[in-house]
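Please look over the chain and its ligand in the viewer before reading on. The briefing below moves from the strand pairings to the domains and then to the ligand.

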Amino acid sequence: MRYQTGFLNHFASEAVTGALPEGRNSPQKPAFGLYAEQFSTSAFTTPRVENRRSWLYRMRPTTEHGRFEPYSGNPRLAAPDGSHTTPNRLRWDPLPLADGGVDFVDGLVTFGGNGSPSEGGIGIHLYVASETMDARAFQNSDGEMLIVPQQGTLRVVTELGRMDVPPGHIALVPRGMRFRVELVDGPARGYVCENFGAPFRLPDLGPIGANGLANPRDFEAPVAWFENRDEEFEIIQKFSGSLWRTTINRSPFDVVAWHGNSAPCRYDLARFNTIGTVSFDHPDPSIFTVLTSPSDTPGTANCDFVIFPPRWMVGEDTFRPPWFHRNVMSEFMGLVTGAYDAKEGGGFAPGGASLHNQFNGHGPDVESTRKATEAQLAPTKITDTLAFMFESRSVIHTTEFAMRGGLLQSDYDDCWRGFPKARLP
Ligand SMILES: O=C(O)Cc1cc(O)ccc1O
Ligand SMILES: [Fe+2]
C-alpha cells in the first residue's frame, strides 16, 4: 500500500502511465478513452483557501446508473427524532461484535447527533462488521465520515485508492465519495463521526506556533488504484437521512488517475504531538484537538475531534485528571484501548461510549478523585490508553437504540455518588 503525504495537499496520481492529463482538466479526448469528472466537496465559489475538489479520470462516467430505491437493510442507521433527547449523563457498554452476516454499511448503528445534512451538525455512529464488502459500495451524500477503528483493521477502498486503517489510526472519507470497507484481520468495531458541517481541517495553533499537535505531513492519502470488473455492484447511498440503493454493471472503483485536494486520508494518532502543562493546572482539552469542523461562530466548533493519548503528567500542585466541569459544548466520548484517567472506577470500556450533554456536570469519578488528590506528584506516564471525544456546539440528541437498545448503563450517575463533604474551619 502506497500513500501520498500531507493534509489537503493538491495531489496527483495515476495508476496507468499517461492516464492523467497534463495542463488541463478536461481534454477533448482523455487518454485511453477515460472520462473526466469533477468531484466537488465545496461550492465552486468557495474561497480558494477552503476550496476542495478533485478531477477523476474513470473508465465509465458515474452517471450511468438507474433509479435509486429505498434500502431497508440497516434500520439501526437512523437520525434521532428528538423524542429521546436527555440532559442525563449517559454511558454505554461496548456494542457486541457481529457474529456474522453484517458488513460495515449494515453494521452502522446511530447513537446520536444534531443538526441536519443540509444545515450542519453531526451524526454519531458505532459500527460492527463481520463481513468484507465486495461488490458493494457506500456513498454518504449527507456527510464526511471520520472513522475511528477500535478493533480490526479496515481496508478502506475508495474511488481515489486504498488505505489500511488499523485501531489507533483514523480515516477521513470526503462527503459523497464512494467507498467500501474490507476486513483485514477479522471482526471489526469502531466509531464514526458523520460531519454535516464544514469539512474537518487542522486547528489553528495560535501561540503554539507553526508545529505541533497533528502535523500536516503525517496525513496520508491513497495513490490511484482501480479494479477492472464488469459485474453487478450495489451502491448504497445515504441521502437526506435515508438509505437508498441501486446497482451498476461495473465496479465504481474504476478511477485510473486523479488530481486535486478533495481526497480521503488516514492518520496515525501515535503521530500526534501531544502538548500539555509543564508547570501546573490541567489544560483545557482543546489542547488535544486533532481536527476541527468550524461553525460560523469563531472558536465554537460544529465538531472537534479530540484525543487523550498516552502522555506524561508532570503538573505540580495540580489535580491531574480532568477537572469537574460544566460545558456549553456537548461531549461524546469513546475508548479505543486501555483505560481513561477520569474513570478509575471502571465502566468505560474499550468499544463503549459516554455522553455528557450541554451543561451537565461531569468529571472524575469518586475513585479517580480520591487517587488523584492523594497521589505523590512525581512525573508519571499515562500509558496504554487512547480515548477520544466528538465535541459539538449543539445538544447531542440520542436515538431509540441508544436509550433502549440494551447497552445503556442504568447506574452511571452512581460513579459520582459519595464524595466526602468539604470540612470548613
Ligand atoms: O469530560 C471529559 O472527560 C473530557 C475532558 C477531558 C479533559 O481533560 C478536560 C475536559 C474534558 O471535558
Ligand atoms: Fe468533559
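Two strands are said to pair if DSSP finds at least two bridges between them, and the helices (H or I, at least four residues) and strands (E, at least two) are DSSP runs, numbered from the N terminus. The model is predicted, so that local features need pLDDT of at least 70 and side-chain atom pairs count only at pLDDT 80 or more, while totals for chains, interfaces and linings use all residues. Residues are numbered from 1 along each chain as its sequence is written, and chains are lettered from A and ligands numbered from 1 in the order in which they are written.

**Pairings that involve strand 20**

- Strand 20 (residues 265-268) pairs with strand 13 (residues 169-173) in the antiparallel sense, over four bridges, and also with strand 16 (residues 219-222), again antiparallel, over two bridges.
- Tyrosine 267 of strand 20 is the bridge partner of isoleucine 170, and tyrosine 267 is likewise the bridge partner of phenylalanine 219.

- Seven strands make up an open sheet with mixed pairing, in the order 5-18-17-9-14-11-12.
- Strand 5 (69-70) and strand 12 (161-165) are the edges of this sheet, and each has a single partner strand, so one side of each is left without a neighbour in the sheet.
- Within the sheet, strand 17 (residues 233-239) and strand 18 (residues 242-248) run antiparallel and are joined by seven bridges, with isoleucine 235 standing opposite threonine 246 in strand 18.

- A six-stranded open sheet has antiparallel pairing and the order 6-25-24-27-22-21.
- Its edge strands are strand 6 (90-92) and strand 21 (289-293), each of which pairs on one side only.
- Neighbouring strands of this sheet are turned by 15° against each other on average, direction ignored, where axes are lines fitted to C-alpha atoms and angles run from 0 to 180 degrees between N-to-C directions.
- Strand 21 pairs with strand 22 (residues 303-308) in the antiparallel sense over four bridges, and threonine 289 has valine 306 in strand 22 as its bridge partner.

**Domains and their contact**

- The domain assignment, whose bounds come from an automatic or database source, gives domain 1 (3-267) and domain 2 (270-409).
- The centres of domain 1 and domain 2, taken over C-alpha atoms, are separated by 27 Å.
- Domain 1 gives 51 residues and domain 2 gives 49 residues to the contact, with two residues counted as in contact if their C-beta atoms, placed from the backbone, lie within 7 Å.
- On the side of domain 1 that touches domain 2, strand 6, strand 7 (108-116), strand 8 (120-129), strand 10 (144-151) and strand 15 (188-195) each give two or more residues, and the largest share, seven residues, comes from strand 7.
- That side of domain 1 has 26 nonpolar, 18 polar and seven charged residues, where Ala, Val, Leu, Ile, Met, Phe, Trp, Tyr, Cys and Pro count as nonpolar, Asp, Glu, Lys and Arg as charged, and the others, Gly among them, as polar.

**UniProt annotation**

- An unreviewed UniProt entry lists "domain: Homogentisate 1,2-dioxygenase N-terminal" at residues 2-269, in the numbering used here and with feature names shortened, and such annotations may be inferred rather than shown by experiment.
- Residues 2-269 are 0% helix and 42% strand, and their end C-alpha atoms lie 19 Å apart.
- The unreviewed UniProt entry also places "domain: Homogentisate 1,2-dioxygenase C-terminal" at residues 271-421, a span that is 9% helix and 26% strand, with end C-alpha atoms 42 Å apart.

**Ligand 1**

- His282, Pro285, Pro322, His325, Glu331, Ala342, His356, His362 and Met389 surround ligand 1, a residue being near a molecule if its C-beta atom, placed from the backbone, lies within 6 Å of it.
- This shell around ligand 1 divides into four nonpolar, four polar and one charged residue.
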